[in-house]
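Hi,

Here is the structure I said I would pass on.

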Amino acid sequence: MPTTTSVSAHVAAALATHVDHVFGVMGNGNAYFLDALERATEVRFTAVRHEAGGVVAADAHFRASGRIAAATATYGAGFTNTLTALAEAAQAHVPLVLVVGDEPTSGPRPWDVDQIALASAVGARTYTVGRTDAAATTILAIEHALSYRVPVVLAIPYDVAALEAGAVQPAPELRLPTPLAPRGPFAGGVVAEIAAALAGASRPFLLAGRGAWLAGAGDALGDLAEATGAVTASTALGRGVFPDTRFDLGVTGGFGAEGAMELVREADVAVVFGASLNQFTMRFGDLFAPGTRVFQVDILPAATHPNVGGFVRGDAGLVARAVVEELDVLGAEASGWRESVAVAALREQPSAPRADGLADDGRLDPRAVARRIGELLPEDRVVVSDGGHFIGWANMYWPVASPDRMIMVGTAFQSIGLGFASVPGAAAARPGSAIVLTTGDGGGLMALADLESAVCTAGGRGLAVVWNDAAYGAEVNLYGLKGLAREPMLIPEVDFAGLAAAVGAEGVVVRSLADLHALAEWASRPAPERPFLLLDCRISGSVVAPYQEEIIRVNS
């Protein structure tokens with residue numbers, strides 16, 4: 001008989017002091033934990049249909065809210081099913097706790113695997129609870145996840161889960177590090193160097209990423225932009241971090257408008273805050289002109305791109321404030337560059353060439369579909385994205401208000417198939433917003449188990465857009481053009497609208513722009529009065545996203 005004083009009860013109680021949502025699948029290894037969670041805490045448990053989906057949902061929950069969530073799965077096969085999603089969270093620096101069953105303390109059974117080694121292989125540390133330390137170990141796991149922005153595994157050995165552990169005591173308080181301030185004369189010297197460079201710049205440019213958003217640096221960056229007259233832009237995961245959008249070019253890299261990216265190359269000084277400067281943001285080395293003087297501010301130990309000429313390790317907000325103070329001491333004046341540029345016109349994305357929205361093969365041009373959907377979407381929205389060729393369309397045509405409203409689960413690990421499971425996490429994190437999923441047919445089929453989870457959790461706030469080109473588009477665009485056999489890259493055209501209807505959603509096949517009237521009608525109704533809507537958009541595979549064209553250029 002389950003008790004409220006078991007090891008699992010101690011884990012659940014300690015977790016509940018800092019986590020308000022758990023996602024996952026019940027099994028032998030986590031049955032006692034879930035029982036304690038339901039009986040003795042206020043934590044909400046949302047069942048998903050695949051173990052990977054639990055981790056994905058917890059991941060999306062943090063990205064959409066900034067609040068840590070947990071996932072749970074059983075031991076063995078349940079745990080191994082989580083590994084792709086766990087690797088994505090590790091590479092994306094997303095904190096979460098995965099509570100799993102594990103082999104007994106007496107040793108592995110025939111169906112057990114070395115879960116600690118597997119977790120370590122994808123970048124996650126494991127904390128294993130015992131009979132006398134369950135609560136303290138749980139708190140240590142949460143502290144580790146939040147301090148280092150990583151997922152952690154909290155393992156409950158099978159023969160420990162139901163052991164008596166005494167009355168549940170109040171959990172220890174979390175001890176988290178304070179924001180990292182630049183330290184020492186070298187860091188101070190680089191801060192002064194940045195200020196001097198910006199003070200003397202004719203065309204200053206500021207770039208911010210998700211790290212700046214997590215640091216709460218928006219206001220400080222806004223003051224810095226105003227003090228220097230800088231044009232601003234963000235990475236795909238940092239969009240909206242600058243408060244003044246009048247002088248913001250939008251997203252850099254392959255998702256950015258061509259005119260905006262040409263302007264960035266005119267900058268003489270660029271300062272980057274909280275962005276890793278990956279190959280996509282940097283346009284494979286072409287974002288900045290050779291003469292641009294580039295500085296980087298990050299909490300990582302060193303600069304992350306060879307184009308960086310000066311680096312400061314520190315919290316984006318603290319460093320931005322320090323630079324503003326240095327500028328004030330220097331008596332620097334704003335450059336006036338941003339007022340001289342028609343920024344709004346430069347960030348406008350291209351339209352499809354045909355007025356009917358079709359490509360030359362008679363299927364829909366995804367640019368026309370994306371633009372029209374962007375016009376019809378509810379303003380209060382969170383966009384969640386699977387991985388695949390189609391990621392260009394939402395990123396180019398569906399603006400969002402802030403970084404926590406564009407959730408791209410899968411891009412860090414280059415994974416597809418994590419889209420539908422992102423919806424429950426985002427829906428729980430943002431209970432008043434529309435949740436808009438963008439996914440491809442390949443990734444959509446991989447994630448199909450959690451189509452039902454998405455429909456049940458988001459209900460009338462939920463919308464899925466499936467870019468259905470009957471192919472693995474990224475592979476066709478890269479390897480098909482190289483002459484490799486196309487047959488393995490193709491998918492029979494699947495009726496996603498019918499699949500959606502089977503689990504209680506409204507499914508609409510979209511073959512013309514006129515078919516998007518279904519979205520207009522859906523958006524006009526109150527959320528409680530409408531179903532989850534899935535748009536099965538039959539698009540042409542012949543239209544290549546600009547970011548994909550960059551990849552093709554580099555790999556050709």
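Below is what I found, going from the whole chain down to single residues.

First, the ground rules: this is a predicted model, with local features needing pLDDT of at least 70 and side-chain atom pairs counting only at pLDDT 80 or more, while totals for chains, interfaces and linings use all residues. Residues are numbered from 1 along each chain as its sequence is written, and side-chain values use heavy atoms, with hydrogens and water left out.

**The whole chain**

The chain has 22 helices and 18 strands (DSSP runs numbered from the N terminus: H or I of at least four residues for helices, E of at least two for strands). Its radius of gyration is 24 Å, close to the 24 Å from the globule rule for 556 residues, so the chain is as compact as a globular protein of that length (the radius is taken over C-alpha atoms, and the rule is 2.2 Å times the number of residues to the power 0.38). Along the principal axes, the C-alpha atoms fill a box of roughly 75 × 65 × 50 Å.

Of the 556 residues, 56% are buried (buried is under 20% relative accessible area, exposed over 50%, partly exposed in between, with a 1.4 Å probe and protein chains only). Among contacts with a separation of 6 or more, 78% are between residues 24 or more positions apart (contact means heavy atoms within 4.5 Å).

**The cores**

The largest nonpolar core has 54 residues, and L98, V153, V384, F420, V423, F532 and L534 touch the most other members (a nonpolar core is a set of buried Ala, Val, Leu, Ile, Met, Phe, Trp, Tyr and Cys residues joined through side-chain atoms within 4.5 Å). Helix α3 (residues 51-65) is the top contributor to this core, giving 8 residues. Another core, of 39 residues, lies apart from it, and its members include L364, L376, L463 and W467.

Back in the 54-residue core, take V384: beyond four places in sequence, V384 touches I407, S422, V423, A426, I435, V436, L437 and T438.

L376, named above in the 39-residue core, is also one of the buried residues of helix α14 (residues 366-376), along with P366, A368, V369, A370, I373 and G374.

**Residues worth a click**

H61 sits in helix α3 and is buried, at 0% relative accessible area. Leaving out neighbours within four places in sequence, H61 contacts D20, H21, F23, G66, R67, A69, G425, A426, A428 and A429.

R283 is in the loop between β10 (269-273) and β11 (293-298), and at 14% relative accessibility R283 counts as buried. Beyond four places in sequence, R283 touches G253, E258, M261, E550 and R553.

F284 is in that β10 to β11 loop too, but F284 is partly exposed at 22%. Most residues other than glycine have a negative phi. R149 is another non-glycine residue with a positive phi, near 50 degrees; R149 lies in the loop between α7 (134-148) and β6 (151-157) and is partly exposed, at 26%.

Cheers
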